[in-house]
Amino acid sequence: MPTALRKNRTQLIILAILALLLFMAIQGMSTKDWVVTLLRALSVGAITFLVASGFSIILGLMDVLNLAHGTLFMIGAYVGWSAYVRPDTLIDLLPPLALLLAGFLLGPIWSNWLERLAWGSRRRHLWPWAGLILALALLWIAAGKFPVAIWHAQEYTDSPIVWAQNFERGLVAESLTPAPRGGPALLALVGLLLAGVAASLSLAGLRRRAGQMSGQVAAAARRRALIGCALLAGLGLLIFLFDDTLTRFLLGLDTTLLFLIAIIVATLAGASLGALMESTLIRPLYERPIYQIMLTFGLAFIGTELVRAVWGRTGFTMPRPSLFAGTGDGCPAASIGGWFTHKCSTILLTFGEDTARIRTYNEIFVIIVGLIVLVAVWLLLQRTRLGMIIRAGVQDSEMVEALGINVRRVFTLVFALGVGLAALGGVLAGPSMGLSDAMGANLLLGALIALAIGGLTSYPGAAAGSLLVGLLQQFIIKYGQIGINLPFLDAPFKPSPPLVPASTILLMVIILLLMPQGLFGRRE
Amino acid sequence: MPTSSSPRTWLRSQLGLILIVLALAALPFVIGLLNGQSISDVLANAKGNAKFIQGLMIEVFILAIFAISYDLILGITGLLSFGHAMFFAVGSYLTGVALKSFGWSLGQTILAVLAAGVIQALLFGIVLPRVKGITFALVTLGLASVFDILIKTRELGEYTGSDVGLQGIPRPPILDPTDQRLRFYFVALAFTLLVFLLYKRFVDSPTGRVCIAIRENENRARMLGYNTFYFKLAALTLSSLTAAMAGLLNALYKPIVSPEIAGLGFTVDGLLMLLIGGMGTLSGAMVGAGIFRLLDFYFDRWFGEASSFLIGGLYVLLVLFVPYGFVGAWRARALDFRRGRARLLHLFGGRGGD
């Protein structure tokens, strides 16, 4: 035991000092103040953790410093907002996506057929590119022809700000104008299906030499592809036919349920975006570390511009779901039970004669989701086969590959998981922080600091670092309001707002200088 | 290295550089003549396109010095620093504050900026032996962010102008960017050339060779008996001094010293310049700075709002398809070009193919 103590002496001393500081900070406040501040810190920490954990798993497994992570967090928030406030747009977008994907899934079918082609070498090399160009052209034309109900960031009456207000008043259903349906839209869907088919065909042509599957496996893959394609196309057409009914149904739902749908949609969208990013853009760059940083930075740039183009430059709010929005009679609730019966936005906690007002969404729901994700990802890492591969890959990915595990596929999965977590964080942050085009960059900086403090590739480190960043920020903000009584100053010292980011950065620099691998990081 | 000291071989080996310098020196006059101004007009700093192009080129020179100083620590020595904007911003802000609030002369200011450059390098030097790789990047980013936050605080607003930027710096009359723009242009050009030659000499010197060895494999360099810390510190000091001097020129030239130059965005701009030109090539940094500034300017003029989107897309394409930058790609291909030209001459019956 003493050797373990001696080995981790610096870590233990730092942790003790931090605990002492926290204790002193709590002592300087009244009970209600520190409880509220602590809950807020947990809430900020939970959202930071959702971004930081994905970032750290990606960094640990594939050494990719994904600077686009903050932007993906932001995209998650905006996608979630759209699915939440404009369900009609979501429903409109599903059929074209489903049909494009249905065509694309047909990939395995072609290989057998392509084998029998006896074309000259030049033609064999050129046609896939021609096919790709054809697919892009088809996509461009068909996607433009398919009508989708959407907002207009440039016009105030139709802007996201006004839609969010309408949503809060329950006016969305009245202000909808259904997008025109009929022959042209159906034709556009067929065009999208053809674009997917053309893309899968040309990709199969490009990849032809990669290696052949044996007969039975190939036959099974073909069967699966056909079934998947038929299912997706059928689903897309069904949604297309019952478009209006589905929209009405979604709008009739309780907003809490709608919010759950938004969370699922945004997480799935983030995960697929991550998988797409890894498999097309990042995969060629595993050999060149600095270039990945720059690529992901460029992607962050493009993502931010995309968000500005679609949702506008002005920030807007995301209304809270009904379970956390009530202000009528019985509110603020005095107990958890009261909250559930009256659906209050705040709860009152009493300490002696003091009462603290706690917002149910920000300070309870976000923390609970953060804890659930913390435990779920920990279970995934510790108890499943995938988690075992990930942990082994963080240690030595070459060795894992040598043991016959398809690390490529695990890379894609982990990237999807990490980005999905960030997107989930984005939707959760929407109602509490609001949406703006700077939210990604701010949160990425916070997550980076949290990771540097906790240890860049350590999962408990990500949690501890996020918590520390949240605590430091929130306590300094609170002390900025009430002031600290320092012994040698007459007036209480009030930290000014710029000190909030500066303090976390300083904490990071100090901890890194004492322990370069972070609090819980592995020693090199 | 060619050992022959005959002036003719020297001239031939440096032909490209000499031609470029001559072209840049003639540029204001050529632009002036093309726009119907006489040479005396250009010499008298008359308003017009020539003066405007001079201004744009001065900005390119300043960025080129910044980029080459970043190249020395990132591309040559291989230190992943994300705090390089601080080196530049300290030079700029110190110049502004010294001239405006303290009323120092230009000479005193230059001395102060040089001293600040050394101090900054030493500050990074404290961090240097403790952290490596991504952690070093994060710590430098952190230090630079603290400086960024400091100059934006309201408490120091009297000196730094907080969010708005530092305005109304009194210009020394001998180097006034509006009245003496042509002189400023030549001073900036000369300084850029000086920095370039100095850096080339540094990289070719034994010290510079060790720096390259550190980039390739630090442990092996240490095994050979070099104390790598001193070499890294030397590279950092030189880089910090140059960047601070570029900052001084920036403060003298720009009407407002904007706080943007202290942020992470400016470091990334520098990274982008290196990426365009080619990392670790020195001349690539200069080419990259030129392309970056001109592209930024003309994209903004042609495409307006969509320009940043296009630049982002261009950036991704560059990383994927021209990973070693234009100068790097040129150097890799130069041999092929030479061989191809020789074969062409041979085909036409010349005696070139040897």
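## The Trp81(A) and Phe316(A) pair

In this predicted model, Trp81(A) and Phe316(A) are both buried. A pair of aromatic rings is described by the distance of the centres and the angle of the planes. A search of the whole structure finds 32 aromatic pairs over all chains. For Trp81(A) and Phe316(A), the ring centres lie 4.7 Å apart and the planes meet at 55 degrees, so the pair is classed as tilted.

The pair links distant parts of the chain, its two residues being 235 residues apart. Trp81(A) belongs to helix H4 (residues 69-85) of chain A, whereas Phe316(A) is in the loop between helix H14 (289-311) and helix H15 (336-342).

## Other aromatic features of chain A

One aromatic cluster is formed by Tyr84(A), Phe167(A), Phe259(A), Phe324(A), Trp339(A), Phe340(A), Tyr361(A) and Phe365(A).

An arginine is also placed against an aromatic ring: Arg86(A) lies over the face of Trp163(A), at 3.7 Å from the ring centre.

In chain B, Glu218(B) is part of helix H11, which covers residues 218-223. Glu218(B) has a relative accessibility of 18% and therefore counts as buried, the cut-off being under 20%.

Leaving aside residues up to four places away in sequence, Glu218(B) touches Lys132(B), Ala213(B), Thr228(B) and Lys232(B). With one of these, Thr228(B), Glu218(B) makes a polar contact between side chains, at 3.2 Å.

Terms used
Residues numbered from 1 in each chain as written. Chains lettered and ligands numbered in written order. Predicted model: local features only at pLDDT ≥ 70, side-chain atom pairs only at ≥ 80, totals over all residues. Heavy atoms only, no water. Helix = DSSP H or I, 4+ residues; strand = E, 2+ residues; numbered from the N terminus. Buried < 20%, exposed > 50% of the residue type's maximum accessible area, 1.4 Å probe, protein only. Polar contact = N/O pair within 3.5 Å; in protein donor to acceptor, adjacent residues only side chain to side chain. Contact = heavy atoms within 4.5 Å. Phe/Tyr/Trp six-rings, centres within 6.5 Å; stacked < 30°, edge-to-face > 60°. Lys NZ or Arg CZ within 6 Å of the ring centre and 35° of its normal.
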